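Work through the exercises below with the sequence and the model side by side, and try each task before you read its solution.

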Amino acid sequence: MDGAGDQATSVSRHDVTRLLHAWAAGDEAALQQLMPLVYDELHRLARRYMAGEQPGQTLQTTALVHEVYLRLVDVKNVNWQDRAHFYALCARLMRRILIDFARSRTYQKRGGGAAHVDLDEAATVSAVVGDELLAVDHALEQLAALDSRKGQVVELRFFGGLTIEETALALRVSPETVMRDWRLAKAWLTRELSQEGPHGT
Amino acid sequence: MEPERWQRIEELYHSAVEMPDEQRNSFLEEACRGDHSLVEEVESLLKHGATPHSLLDKPAIAVLAKAIAVDENQPSAPRLEGKTISHYRVLKALGQGGMGMVYKAEDLKLRRHVALKFLPASLARDQQALQRFEREAQAASALNHPNICTVYEIDEAEARLFIAIEFLEGETLKERIARGPLELVETLRITTEICDALEAAHSAGIVHRDIKPANIFLTRRGSVKVLDFGVAKRIGPELVSQRADMAELLTITVDPRLTSPGAAVGTIAYMSPEQAAGRQVDTRSDIFSLGSVLYEMETGRLPFSGHELAEVIRAIRDRQPAPIEQFNPRLPSELSKIINKAMQKDRGLRYQRAADMQGDLQALTDRVESKIKRWKLLLAPAIVVILLAIGGFITARIPRVRELVLGRSADLPRQIKSIAVLPLENLTGDPGQEYFVDGMTDALITNLTKVGSLRVISRASAMHYKGMHKALPVIARELNVNAVVEGSVIRSGNRVRISAQLVDAAHDQNLWAQDYERDLQDVLRLQSEVAWDVVKQIQVKLTPQEQQRIVSYGHCAPNAHDLYLQGMYHWFKATPEGYERSRDYFEQAEAADPNCAEAYVGLGYYYSIAADEGILPAGQGWPRTRLNAQRAVELDSNIAGAYISLAAATFFYDWKFAEGIQQYQRALELSPESAETHREYAIFLRVLGRSDESIAEAKKALEADPFSASIRASLAWQYYYAHRWDEAINQFKVSLQMDPSFLAAHEGLVKCYQQKQMENEAIEELITEMRLAGADDLAGQIRSNYQTTGYGGAVRGLYLAKLHQYQQGAKETYVPPLVFANLYSLLDEKDQAFEWLEKAYQERSSKLTDLKLDPDYENIRSDPRFSALVKKIGLP
């Protein structure tokens with residue numbers, strides 16, 4: 001990376017880290033400022049997916065998600081003791097923002113009326129996925145009420161995009177425990193979601 | 001729920017999930033002691049845990065980003081995907097059909113996939129189109145036949161008229177013909193099945209009127225379906241039960257409102273003369289068209305062609321097609337008779353019913369098949385007779401003659417002792433699928449290496465022939481094998497199709513061929529099945545364990561297996577970027593299916609190379625190698641790669657040499673014929689100072705993989721550590737002929753020249769190496785130093801430059817201490833060298849195991865601290 005580019009991103013990274021801490025401290029306004037940054041990344045990812053449709057290119061989800069974090073947050077300046085906390089914070093943030101986004105998409109879909117026809121056409125696929133994400137979010141709340149650690153594991157893995165080892169680090173448990181929790185949580189959620197049906201709200 | 005109860009559920013779940021299905025029930029019944037709701041709860045979790053939930057398999061952000069990408073990638077035409085129309089949820093567009101867009105959809109009532117065909121909005125007000133559309137639905141829905149694509153219903157929703165039809169996966173006969181000639185038996189089977197469909201349609205009073213290859217569908221499961229009754233005509237129920245001789249009465253009049261008088265509706269080339277003339281058509285018109293299709297299947301060309309429409313129509317009416325023997329003299333005369341009879345201009349002379357044509361086709365099929373069987377029966381005794389006539393002395397003196405003759409026979413046991421699997425061909429046409437196809441090749445090779453008595457050519461040498469169209473006997477000679485497996489892979493959606501054949505290489509003669517088609521879910525089973533079939537053909541002696549290992553296969557979720565294959569694809573590139581990308585894929589595979597042994601084998605590979613190459617400190621790399629390899633072994637105890645990693649961790653990190661060798665035996669046992677197994681083992685043996693065995697082992701690796709630059713270099717390195725410089729130089733040179741940019745081989749060559757004090761050669765080679773590594777400045781420096789200060793000065797200058805570079809690098813990132821120890825030793829700075837050696841020792845650097853044999857430590861070898869260190873490590 002050349003020096004100038006690095007300079008530019010580290011300024012915004014610094015902002016993100018600051019906003020993240022502000023949000024963690026209870027400042028909801030900070031979230032409003034964080035959202036557009038995450039949306040940009042989401043669209044950037046989407047563009048990469050589109051480019052990835054070309055033959056010979058494949059996409060690596062884990063790498064992409066990590067790239068999102070690297071662009072958003074100055075990971076290097078987070079020390080090791082804080083890293084566990086940092087991961088948890090990021091995952092929570094991602095969950096909030098992604099669910100808000102999903103909600104806005106499904107809202108567009110259900111907007112109804114002739115004026116919304118175009119939006120309707122444009123938002124079909126992501127609206128379906130949006131519905132599904134909302135259903136996961138809802139089911140996750142119930143899981144967390146039943147077993148808070150499993151709820152955290154899902155939040156970190158699914159919404160936060162963390163690997164097993166990172167999740168283990170964030171929760172201060174062994175990777176084996178994370179694997180077991182993840183496995184049971186997935187079974188539980190799959191069951192909940194299938195009971196509600198794919199279109200459940 | 002009570003926390004205690006939830007805890008209990010969790011315990012039971014984890015215990016039961018490890019068990020085979022049949023044990024679970026009794027376990028749960030016993031453990032729950034009559035608490036049925038508890039049993040149910042755990043069972044329902046087990047059930048849902050087994051169905052992968054696609055949404056949770058990827059991080060939410062990726063799911064959402066992908067959905068947005070799909071949205072934005074859609075053309076601006078109205079989108080139906082994701083919508084629910086009537087009781088169908090539209091899933092994705094399949095393509096543009098003859099009459100409108102076709103979508104894949106899910107029937108929400110019956111929970112099955114269907115294809116929805118929508119009448120395009122532009123045609124919705126076109127009465128003619130509307131009628132044709134409805135007619136297709138009515139015609140076909142009246143038919144219920146395995147060879148006719150089923151129409152479920154016609155409906156209208158949101159002002160869109162659509163029909164729901166059976167969802168098929170496969171290809172049309174048109175596409176199939178374009179791919180290449182069909183086998184005679186295959187042609188006969190397809191035509192027979194179309195006859196069956198036509199007989200059913202005709203009996204129901206329906207004439208298809210547009211029989212052509214594009215309307216014949218070959219499903220992946222191998223059945224034939226007649227499609228598109230869009231121009232079919234219903235004749236009227238009163239005529240359905242007519243006898244064959246009454247066929248003339250089945251004549252219908254082309255409805256002038258539907259097809260303008262004289263206009264031809266079907267595709268001209270396959271039309272009957274009466275249809276091309278715009279006259280009345282009946283069931284026998286379909287028979288003529290089928291004759292044309294059969295003609296094309298066997299000859300690859302149309303019976304009637306021309307530059308203009310009118311010319312084609314004239315040919316159909318007036319001319320006889322060129323006899324099929326002209327294009328394919330090997331065809332049986334019966335086939336040409338069948339085609340001639342079907343294609344008579346006078347319909348009274350054609351087959352009057354599809355069933356009659358089917359009868360002749362069936363008789364021919366039986367003859368062809370029994371002929372094949374007879375050949376097989378006759379061939380073996382004939383050869384025995386010949387051998388007896390020639391006399392036993394020839395076979396005794398010239399065993400080759402015997403081998404030659406036996407090799408040609410179709411039924412005698414084959415003497416196949418060595419085999420190469422050529423890269424399977426990627427028939428998807430999508431380079432993005434290379435990793436998958438290569439992965440299948442790889443799996444086949446790996447499976448065959450489990451047979452101890454069979455020499456199998458390893459991956460790199462097989463891959464050498466990728467895209468190269470050499471004659472098989474030539475390839476076999478180059479690889480020194482007597483049999484070759486070749487084939488192709490198509491993957492489309494959730495289906496995989498493998499065609500494999502076994503060829504007697506010396507004679508370029510097919511010994512066996514088979515097509516497999518499976519769900520992607522079953523790909524692992526499929527891989528072992530193909531290998532098993534090959535092994536059965538070559539009739540090698542198998543131990544029961546070998547047999548068991550070949551038929552066993554892993555149980556990874558298909559998406560995890562797929563990610564693993566992508567990981568290995570990058571792994572084999574053997575570049576730093578390749579390794580890093582492979583780790584990404586292995587981690588994703590693990591995330592997708594935490595019970596996928598392959599994912600952990602891959603991670604084990606990654607961490608062992610990262611630890612050995614000093615990308616990670618030994619203490620971070622090797623324990624992870626072990627952890628992942630152990631997980632892999634727990635999940636599947638038949639993967640050699642996992643034992644290689646385990647043994648390597650014990651040997652190179654724990655420095656428990658005897659135990660490491662012991663663990664390695666399991667890898668050798670599981671994969672006795674793999675180049676990789678032998679190559680690794682050679683390194684173990686060299687560290688133990690057993691240089692002759694090490695070289696022998698490296699040669700075994702080379703035999704299995706003769707065209708791999710890296711396997712060749714590995715033999716060279718064993719010579720190098722045995723201080724056999726000349727042989728090492730030779731092997732490094734061969735390696736560089738295969739891959740001139742192979743850095744490690746250049747490095748080895750430099751070291752050899754240095755040992756032999758071939759100063760000019762050493763300097764030139766060093767410059768080449770530096771240039772290749774992108775260090776042009778260093779290369780220039782070496783040259784000028786050599787001119788001004790001579791050999792010693794140039795080499796010393798290089799060591800100092802490297803030292804500086806690594807010192808700078810160490811400020812940013814991890815540099816293994818042994819790198820410094822090595823350079824200080826070469827610079828003859830003993831105290832520094834020992835200081836860093838001690839650090840490397842503290843870290844348990846794996847490369848320390850070469851300390852005793854490595855010529856780089858010559859300067860400090862006589863120091864008592866050196867022998868003390870060798871002793872501390874425990875090197876023999």
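A residue is called buried if 20 or more other C-beta atoms lie within 10 Å of its own, exposed if 12 or fewer do, and partly exposed in between, the C-beta atoms being placed from the backbone. Helices (H or I, at least four residues) and strands (E, at least two) are DSSP runs, numbered from the N terminus. The model is predicted, and local features need pLDDT of at least 70, side-chain atom pairs count only at pLDDT 80 or more, while totals for chains, interfaces and linings use all residues. Residues are numbered from 1 along each chain as its sequence is written, and chains are lettered from A and ligands numbered from 1 in the order in which they are written.

**Exercise 1. Find the buried residues of helix 23 of chain B, and say what covers them.**

**Exercise 2. Work out the order of the strands in the open sheet of chain B.**

Step 1: Two strands pair if DSSP finds at least two bridges between them. Strand 7 (residues 170-172) and strand 9 (residues 216-219) of chain B are antiparallel and joined by three bridges, with B:E171 opposite B:L218.

Step 2: Strand 9 of chain B is also joined by three bridges to strand 10 (residues 224-226) of chain B, again antiparallel, and here B:I216 stands opposite B:V226.

Step 3: The three strands therefore have the order 7-9-10, with antiparallel pairing. Strand 7 and strand 10 of chain B each have a single partner strand, so one side of each is left without a neighbour in the sheet.

**Exercise 3. Describe how helix 7 and helix 9 of chain B lie against each other.**

Step 1: Two packed helices are described by the angle between their axes and the distance between the axes. Axes are lines fitted to C-alpha atoms, for helices over the stretch in contact, and angles run from 0 to 180 degrees between N-to-C directions.

Step 2: The axes of helix 7 (residues 184-203) and helix 9 (residues 283-299) of chain B come within 11 Å and cross at roughly 170°. Since angles over 145 degrees count as roughly antiparallel, the two helices are therefore roughly antiparallel to each other.

Step 3: Residues are in contact if their C-beta atoms, placed from the backbone, lie within 7 Å. Those making this contact include B:I194 and B:L198 of helix 7 and B:L290 and B:L294 of helix 9.

**Exercise 4. Is B:A722 buried, exposed or partly exposed?**

Step 1: B:A722 is found in the loop between helix 28 (709-721) and helix 29 (725-738) of chain B.

Step 2: There are 18 other C-beta atoms within 10 Å, so B:A722 is partly exposed.

Step 3: Leaving aside neighbours within four places in sequence, B:A722 is in contact with B:S691 and B:I695.

How values were computed: Two residues are in contact if their C-beta atoms, placed from the backbone, lie within 7 Å. Angles under 35 degrees count as roughly parallel, over 145 as roughly antiparallel, 65 to 115 as roughly perpendicular and the rest as oblique.
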